[in-house]
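Look at the model first, then read on.

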Amino acid sequence: MSWIDLGPVTDIPVRGARTLKTALGCVAVFRTAEDEVFALTDRCPHKGGPLSEGIVHGQSVTCPLHNWVFDLNTGVAKGEDATVETFAVRVEAGRVLIDASRLAGRSAA
Amino acid sequence: MTEKLVIIGAGMASGRMIEHLVEAAPDAFDITLFNAEPRGNYNRIMLSPVLAGDKTYREIVTHDEDWYAQHGVTCRFGEPVVAIDRDMKVVEGAHGHVPYDKLVVATGSIPFMIPLPGRDLEGVIAYRDLEDTQRMMSMGAGNRVVVIGGGLLGLEAAAGMAARGVDVTVVHIMGHLMERQLDEAAGYLLKKSLEAKGITVKLQANSKEILGQDGHVRALLLDDGTELPCDLLVMAVGIRPNVALAQEAGLAVGKGIHVDDQMITSDADVMAVGECVEHQGALFGLVAPLYDQAKVAAQTLLGQETAFRQKTLSTKLKVTGCDLFSAGDFADGETREDIVFRDPARGVYKRLVIEDDRLIGAVMYGDTADSNWFFGLIQSGESIDEMRDTLIFGPAFQGGSSVDPLSAVAALPPEAEICGCNGICKSTITEAIEGGAGDLAAVRATTKASASCGTCTGLVEQLLQVTLGDAFRVPAAQPICGCCDLTHEDVRRLIKSQALKSQEAVWQELGWKTRNGCHVCRPAVNFYLLADWPLEYQDDPQSRFVNERKHANIQKDGTFSVVPRMWGGITNPTELRAIADAADKYNVPTVKVTGGQRIDLLGVKGEDLPYIWADLNKAGLVSGHAYSKGLRTVKTCVGTDHCRFGTQDSTGLGIKLEQVLWGSWTPHKVKLAVSGCPRNCAEATCKDVGIICVDSGYQVGVAGAAGMDVKQTERLADVPTEEEAIDLTVAFIQLYRENAKYLDRPYKWVAKVGLDWVKARVVDDLEERARLIAAFELSQSIYRKDPWAEHAKEADRYQTLADLTLEAAE
């Protein structure tokens, strides 16, 4: 694993998200009310809605276009046959780290 | 000993059969369930309400994973069955064999696709499963869809898409719609009301070819040469039993899989239920007989004596605003007599078909309240000779009882069928109620009545009322969402009375079941808090939908639209130049004049928003709040300034109103208009607040609508001065802010509280009016400001957090 420092967790709004540009497309990094962080592909499999613009509640996010609700842990859409990719991300000493080896590895494959 | 039961197909019939089995004998069978679709049993009849947006897929799931797990059903979903080996008694799935003692084939039906040239093009679909429904749900305003087939399914598909703003054309080969269920007159009325919903109906239209472009459907060509352009083509012309697997296994197959009265096929260990079977020459497409078959199949498996009997069927169309019912046989015949009731102006048509003094068929359109009573008469076959004179007027006119719907329900005989889908009669329901089922949910759980298509819900509630009397409370309004047990109204009341001033206070004090709400309740609670406690509570952008958080409207491709405010619809060359410059600078692909008299810049990238706002701000332009549940626009005509008919300065009043009201948040969007004379060029009579200027002053109307519903404003009051017109408007909007349910437009709220209640507070009680105006002003001391100017200062929040493409490329 190679962890990349994305900056302080306070750069992400509480119950909100910011986006990352990656070789795999946009990835949304979420921050919950409890300061947990999650990273998911920023694209709803339904109509391509930007999940980073959705309402974050508990450990879920609701797509802003048609209200599909995704579990931030698994990327699984509740009640739908759909999943978005999740990426390893963690907070250490107030800074957000993402496992970029996987992002890079995937793009090279 | 536990027998091995394998079921092929997880549809409504087999699902119901499993329910019967696990209820009667939970350990009798070791069940394996195959389904080609990658999911379990859902209520297919409810796909039309899902399409129309009245329900979600989640709400129509009958059996979820937990249910299957709880009942020990081994699920092999998404795995097609390759073959059945009857000699070895083994089912061969794509991922492995499963031996059986008993096998139930429930492979359902496949949609019939007319063999037209071009039917393989992308964008040509049937209407059968969730995928088809989702495909139709992806259509919206600006899309064109052609539906081939004017039967039940085709019309529900058409109406569902039309409700989403799609331009829909129905192509039907016969002379009138739903010819199998309706006679010509009812078919005509149905056509008229579908056309009123914006659906184009082409009858006696023969499809010739499906035209494509780059592999995608482009248009349908009729044999008279007409081309109907479309983005999607839906074939809903019928279904046929899916018998391929049974046929290859050597079972006796005609049109469907042959079954006897016990649902047993030509092989004693193989049964079949559902749309794939043929019983005494008949095929089945409606749900009621399928449920009967499911019950019979379960009983047969359990060794009970039973027999499947075909019954008279009734049909109701699940299209909002089209009340339609048909049952029995209504073809013309020499020995048959008709009783017909027509009221074309009200769109009501009823026809009863009588043979030998018995009712054998009924068609009703526009008023189907008595349909159950007629259906009961058809099924019982009793003589109607005595009541023939008044028969068509329904049960209320038999024996002089009143027209009260409750007495009509009370008068139904015990064997009258209430729930057609599940074949549940009145006595079954009343017995369940007497046995302790005290509300709708309990009746559904014990009898299944109203648990399928739901059209009999009202009848079941009336039965509860008749049976329980005062002990039955008509169900309270729904809670906001699954996060809490309270209605919107309760939450509003408690926020005020308990002085709850933060989201945390609401979650804790009002017993929220989730940590911080969800996308349904949190935006509502955020609004209620800021409306009631403008100084104490700080608006939370993270509890707002994307448009209000971003102060721009998200478009389907993820870009945004930017609409600067034009006070009263007035602009000038400087503003127009600034807009033109911004459109150039940010490569805005579309510039559109809106219906609210301003200019929309569509297709702006999210990261450019703060910069385009800063540029517009420099020219004095501010946010038009075109994205908010708040004041949108005040549309005006030119009034006395230029118009020879103008009676007052309507433009000036419009500008003043907009300057007072802008920036305020409301339960839903609010649109105003001021017309300078009763010619009403500003279309004020369909606005949330619409003012018409007359010689003697101002007519203030409220609660109009021109969206999902169209409704004329109701007169709040006539006032002599401009100041009073503004005061009434402000007081009305503040009353709405303080009391309405989130996402109710003013017309919906006024319909609930009544205009008199509003007038008493806004017009008559001057003290209350003054309080409302002061409360609004207090709130505006916080919110009357330009959000664009503030957000333009925080441009970095609109940018990506990091760009990892460089690292990834290494």
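How many residues does helix H18 of chain B have, and what span does it reach from its first C-alpha to its last? This model is predicted. In it, H18 of chain B runs over residues 573-585 and has 13 residues. The helix reaches 18 Å, close to the 18 Å expected at 1.5 Å a residue.

B:Glu575, B:Ala578, B:Ile579, B:Ala582 and B:Ala583 are buried in H18(B). They cover an arc of only 135° around the axis, which puts them on the same side of H18(B). An α-helix has 3.6 residues a turn, so residues three or four places apart point the same way. The face turned away from the buried side carries exposed residues: B:Pro573, B:Arg577, B:Asp581, B:Asp584 and B:Lys585.

What covers the buried residues of H18(B)? The cover includes these elements of chain B:

| Element | Residues |
|---|---|
| Strand E30 | 590-593 |
| Strand E31 | 599-604 |
| Helix H19 | 609-618 |

**The two ends**

At the start of H18(B), a side-chain oxygen of B:Asn572 comes to within 3.1 Å of the backbone nitrogen of B:Thr574. Just after the helix, B:Asn587 takes a positive phi of about 50°.

**A sheet with strands from chains A and B**

Five strands form an open sheet with mixed pairing. Their order is E8(A)-E4(A)-E3(A)-E2(A)-E39(B). E8 (86-87) of chain A and E39 (802-803) of chain B stand at the edges, each with a single partner strand, so one side of each is left without a neighbour in the sheet. Within the sheet, E3 (residues 25-31) and E4 (residues 37-41) of chain A pair in the antiparallel sense over five bridges. A:Ala28 stands opposite A:Leu40 in E4(A).

Technical notes. Residues numbered from 1 in each chain as written. Chains lettered and ligands numbered in written order. Predicted model: local features only at pLDDT ≥ 70, side-chain atom pairs only at ≥ 80, totals over all residues. Heavy atoms only, no water. Pairing = 2+ DSSP bridges. Helix = DSSP H or I, 4+ residues; strand = E, 2+ residues; numbered from the N terminus. Expected span 1.5 Å × (residues − 1). Buried < 20%, exposed > 50% of the residue type's maximum accessible area, 1.4 Å probe, protein only. Arc of directions from axis to C-beta. Contact = heavy atoms within 4.5 Å. Polar contact = N/O pair within 3.5 Å; in protein donor to acceptor, adjacent residues only side chain to side chain.
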